[in-house]
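Visitor: Hi, could you walk me through this one? I'm new to it.
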Amino acid sequence: MAKKSNDLLDVLQMLVETPGPSGSEHLIRSKIEDDIRDHVDEIYTDALGNLVAKKGSKKEGGKRVMVSSHVDEIGLMVTHIDDNGFARFITIGGVSPFTCIGGRVLFMNGSQGVIGMERLDKDEHPSLEKLFIDTGATSKTDSKIGVGDVAGFERPFVNLGKRLVAKSMDDRAAVAVAIEALKAIKKSPNEIYFVFSVQEEVGLRGAITAAYGVDPEVGIAVDVTRTGDTPKGVKMEVALGKGPAIKVRDSSFIADPRVVNWMVDEAKAQNLPYQMEVLEAGGTDGAAIQRTRAGVPAGCLSIPCRYIHSPSEMVDADDLQHCVSLLAGLLSKEIGI
Amino acid sequence: MARKVETSKKYSPKLGKKELNLLTRLSNALSVSGDEQEVREIVYEELKKFKDSMHTDAMGNVLVRREGTGNDRVRVMIAAHMDEVGMMLTKEDGDGLFEFVVIGGVDPRQLVGKPVIVGRSHIPGVIGAKAIHLTTKEEREQVLKVSSLRIDVGLGGSKLVEIGDRATFATSLAVLGPSLRGKALDDRLGVFNLIQLLKNAPENVDLLAAFTVQEELGLRGAKVAAYHFNPEIGIAMDSTPANDMPHFDGEVNPTHNTKLDGGPAIYLMDGATIGDRRLVKWLTETADAEKIPWQYRQPGRGGTDAGAIHKSRAGIPSVSVSVPQRYLHSPAGLVRIDDELNTLKLMHAALSRLDRSILNPQENK
C-alpha cells in the first residue's frame, strides 16, 4: 500500500508541475501519454487535442465506458504589450483578480513573470483590467512574450503530510487518480476509454467532442469539488479527508441516479469512506458526456479540494487513494445499469 | 508544412463596379436573424453555377459543396453569417406606431432618431422621440429604454407591415475614399468574401461553404451546418470591432481589439473558441509569405461561428478571421477597403497552400 501511495504522489507532482492552460495542453498531454502508453491497448490524440486511451475490449456483460479527467488548468493570455514591456492579459477560465496579485506565472515558452497592479483608489477593489504581468522586460522590443502567449500560475508542489498543495490540483489530482486506476485495473469485462480532456475550464469543450467520438454507454467524470470545511466558508457538506465525493448534482447537470447508486454500492462493498456531493455552482465533463448523441448515463467522482482556482489548491492524500480504489473497482466489474 | 502553389499569386481581388454592386445589395438587404431570405436570394443568384451542389437546410443555412480536383483534398468548411442584428415588431399601438424588441446585440442608445426599414418590402419608418423643444434637461440625460420606443411607419405604412416583421436601419452603403460605410457589414463582408472564394476556389481543397443563419442569436445555424458538413477544418469569416480611435492622453489604448488598416484580424481566443494553434500559424505564415498585412484580434470576449463548428461531432480544429470594423452593430459601421480585400486575399492564399499535414496532432502547440 505504501508503495502504491508513493506512485500516486510521484505522478501527481509530475502533473501539477507541468503547465497547461486550456488550449495549450501539448506538454501535459505528452507527459501523460509517456506515463500510460505501456498500460493501455490503444492511445491517440483527437482533433481538438484530447488524449484518448483505450483499455480492454468489451466482453459479455461489459460496457463501453468513458472516464474523463481534464488536463487543462486555468491561466492567462497576453492581450497587449506596452512600450515599457508590461503585458496586459485576459483570463483563461475562472481566474479571480484576488488570487493574481503578487502571483508568479510561467509561460508556455519558458518565460516567467510576476503580476503587478496599478495604484487603486481608496476602497477600490482590484479588477483584472488593473493588473499586468512584469516579465522583467525593459521595453516592448526586449519582451520575450507577445500577444497570444499563454501562461499558467507557478507554484511548487508541497506535501504537508496528510494534505497536499499545488496549483492545478483542479484537475491534475483527478488525472493522477485516473492514471493510477488505469494502471490498477488488471481484468475487466468493460471497454474503458480514459479521456484526458482539453478545454474543460472554458466550457467542457474537449469532453463534448470526445464523448461524441467515444460514443460511450456509461460515463464518469473525475474532477475536484469544493468543500465547506474552512472558516466561514461556503455552506456545503463535503469536507477534506472524508473520502471520495459522489456527485448528485452541480449547476451543469444532475448525475444519473443509477450512476450515483452504482458508486455508492461500490464504496460500501469496498468499505471505503464516501460523501454525497451537492454542488451549487460549477460544472464538469459529466454534463458533456450525458448530453452527447442520444444521451448517456453519466456521473462524477469528485475529489474534495480547498481553495479551488487559486494557486494553492489543497487535497487530502487519503481521499486520493480512496478515489483510486473506488474508480478501479467501478471499472473492473460488470456495470448493472 | 505548406507547399508552394502558384494559384495564390494569380488571384488578386479587387472592388470593381460589379463587386461594389454586389456588396451594396448585400449591405442594404434586410436580413435580421430568423428571416434571412433576402440575403439567401442574393447568394442563390450569385452562385447559379453551383446550383447542383447547393441547398438550403432545415434552419435556412445555404450550404454549397464545391469539390476540388486535386489529390487528397482537405475538406474545409468556411462559414459567413447572413443574419444581422436588428429589431422585430411585437405589438401595434395604432396610429402607425409599433412596439418592438431588439434581435441580437443592439445598444439601445443607438436607436433613437434613426430611420429604419421594416419587413420584406422595406417599408420606411423612424424610431422617433420627443423633440428637443419639449424635453427637460433631466429627460435628455436618460437613456430611453427600448420598451418606451416605437417604430413609426406613418398611418399609411401601418397597413403594409405586421407583427413579427423584422426591421433594420435604413443605411445605404457608401464609399468614403479608402473606406466603406454601411450597415450589416457584420457579416455581409464575410458573405461577399465567401461568394468570391467559391467562384475562385483553389483545386487542392473541397470548399464546404456555409452561409449561416442566426449567428447573432448564438451561432445557431453554424451548429447544424457543421454537423451536416462534418469538415476537417472549420473557419469563420466575420467582422470584429476596431476600437482604435486615438486615445485622449496620447497613451496606447490597450483594449483596441483591432485597428483599421491593420489587415485581416486572426483570432487567438474569444469567448467561444480558442483558435487552433496549427491554423493560427497557417494563416499568419501565409500572410507573411504573401506579404499581406495582418493583425491578431486581441484575445477577448465575443464569439463567431467557429464556436459552434469546433464543438461539432468529434471535434473540428477551427479558427476565425475577421475584417476590422469601427462602430459594429450600429446603424453605420466603417471599414477600410484594403482590410476587406486583404482578408479575401489571405483566405484564398491560405486555402491554396493547405495540405493535410498541418493537422498533425503533434503540431498542436
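Guide: Happy to; here is a short tour by question and answer. This is a predicted model, where local features need pLDDT of at least 70, side-chain atom pairs count only at pLDDT 80 or more, and totals for chains, interfaces and linings use all residues. Residues are numbered from 1 along each chain as its sequence is written, with chains lettered from A and ligands numbered from 1 in the order in which they are written.

Visitor: Where is L144(B)?
Guide: L144(B) is in the loop between helix 4 (137-140) and strand 8 (151-152) of chain B. Helices (H or I, at least four residues) and strands (E, at least two) are DSSP runs, numbered from the N terminus.

Visitor: And what does L144(B) touch, leaving out residues up to four places away in sequence?
Guide: L144(B) touches V112(B), A129(B) and L149(B); contact means C-beta atoms, placed from the backbone, within 7 Å. V112(B) is 32 residues apart from L144(B) along the chain, with 7.7 Å separating their C-alpha atoms.

Visitor: New topic: how many residues does each chain give to the contact between chains A and B?
Guide: Chain A gives 23 residues and chain B gives 19.

Visitor: Which parts of chain A supply at least two residues each?
Guide: Those are strand 4 (75-81), strand 5 (87-92) and helix 5 (205-214). Helix 5 of chain A has the largest share, five residues.

Visitor: What classes are found on that side of chain A?
Guide: Eight nonpolar, 11 polar and four charged residues. Ala, Val, Leu, Ile, Met, Phe, Trp, Tyr, Cys and Pro count as nonpolar, Asp, Glu, Lys and Arg as charged, and the others, Gly among them, as polar.

Technical notes:
Two residues are in contact if their C-beta atoms, placed from the backbone, lie within 7 Å.
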